[in-house]
Amino acid sequence: MFSLLILLGLVIVLAFWVVGIYNGLVTARNAFKNAFAQIDVQLQRRFDLIPNLVETAKGYLSHERETLEAVIAARGAAISGLSAAKASPGDPAAMAQLAATQGRLNGALGRLLAVAEAYPDLKANQNMMQLTEELTSTENKVAFARQAFNDSVMAYNNRREVFPSSLIAGNFNFLPAALLEIPADQQAQVRAAPKVQF
């Protein structure tokens, strides 16, 4: 009888231990999904600013139509990439698609802002200055949100890979999550120091 109670006690302790690990994995997964939701908010804000920026620049850059169209096309692709990533935050293919489309949008916006520098009237336009400032602020918020997401993904992946959590994670289909990283073909462009000439 006494050994039966000890066995029952061990089963209960084991059950609580498994439930604790499972709940920790669920909490970590929900944390990185919430962190991705913050990226979604900032990217949506960015996407909403872009048409205003293009409209403001359109009157000044009438013969730079190609640049404006590239920004609009890149925005559309980036919205599609975000939709795919929202459907499955942490999925490696979705994160790679999101990073690639955001990189193309960054490049198109960079070209637009570089072209805008050549037009003093556009540069001095109050709407353009305000939109550029908002876009810069949003870019900073995106960077912080991406860092928070990557930290959450790393915490989740660490939790699911360490023993004994890895046993529970494998049995309950807790898949690894992917970081939101800059694509390799765009890393040099993003990390290059800008040239300043006087």
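Axes here are lines fitted to C-alpha atoms, for helices over the stretch in contact, with angles from 0 to 180 degrees between N-to-C directions. The model in these views is predicted.

**View 1. Helix H1 packs against helix H5.** H1 covers residues 2-58 and H5 covers residues 126-161. Their axes come within 8 Å. The crossing angle is roughly 165°. Angles over 145 degrees count as roughly antiparallel, so H1 and H5 are roughly antiparallel to each other. H1 passes H5 in a left-handed crossing. The contact of H1 with H5 contains 20 nonpolar residues, along with 10 polar and 9 charged ones.

**View 2. Helix H2 packs against helix H3.** H2 runs over residues 65-87, and H3 over residues 92-117. The two axes come within 8 Å and cross at roughly 160°. H2 is therefore roughly antiparallel to H3. The H2 and H3 crossing is left-handed. By class, the residues of this contact split into 17 nonpolar, 6 polar and 3 charged.

**View 3. Helix H1 also packs with helix H3.** The axes of H1 and H3 are 12 Å apart. The packing angle is about 30°. Angles under 35 degrees count as roughly parallel, so H1 and H3 are roughly parallel to each other. H1 passes H3 in a left-handed crossing.

**View 4. A salt bridge joins Asp40 and Lys86.** The structure holds 3 salt bridges, and one of them is shown here. The side chains of Asp40 and Lys86 meet at 3.7 Å, N to O. Asp40 belongs to helix H1 and Lys86 to helix H2, so the pair ties together parts 46 residues apart in sequence.

**View 5. Met1, Leu4, Leu7 and Val11 make a nonpolar surface patch.** The patch made by these four residues has an area of about 460 Å². One of its members, Leu7, sits in helix H1. H1 is also the helix that packs with H5 and with H3.

**View 6. A cis peptide bond links Phe163 to Pro164.** Omega for this bond is near 10°. Pro164 is found in the loop between H5 and helix H6. H6 spans residues 165-171.

**View 7. Asn173 has a positive phi.** The phi of Asn173 is about 60°. Asn173 is not a glycine. The residue lies in the loop between H6 and helix H7. H7 spans residues 184-191.

Terms used: Residues are numbered from 1 along each chain as its sequence is written. This is a predicted model: local features need pLDDT of at least 70, side-chain atom pairs count only at pLDDT 80 or more; totals for chains, interfaces and linings use all residues. Side-chain values use heavy atoms; hydrogens and water are left out. Helices (H or I, at least four residues) and strands (E, at least two) are DSSP runs, numbered from the N terminus. Angles under 35 degrees count as roughly parallel, over 145 as roughly antiparallel, 65 to 115 as roughly perpendicular and the rest as oblique. A crossing is left-handed if the near helix is turned anticlockwise from the far one by less than a right angle, and right-handed if clockwise. Ala, Val, Leu, Ile, Met, Phe, Trp, Tyr, Cys and Pro count as nonpolar, Asp, Glu, Lys and Arg as charged, and the others, Gly among them, as polar. Patches are made of residues with over 30% relative accessible area and no salt bridge: like charges are joined within 9 Å, nonpolar side chains (Val, Leu, Ile, Met, Phe, Trp, Tyr) within 5 Å. Accessible areas come from the Shrake-Rupley method with a 1.4 Å probe; for residues, only the protein chains shown count as cover.
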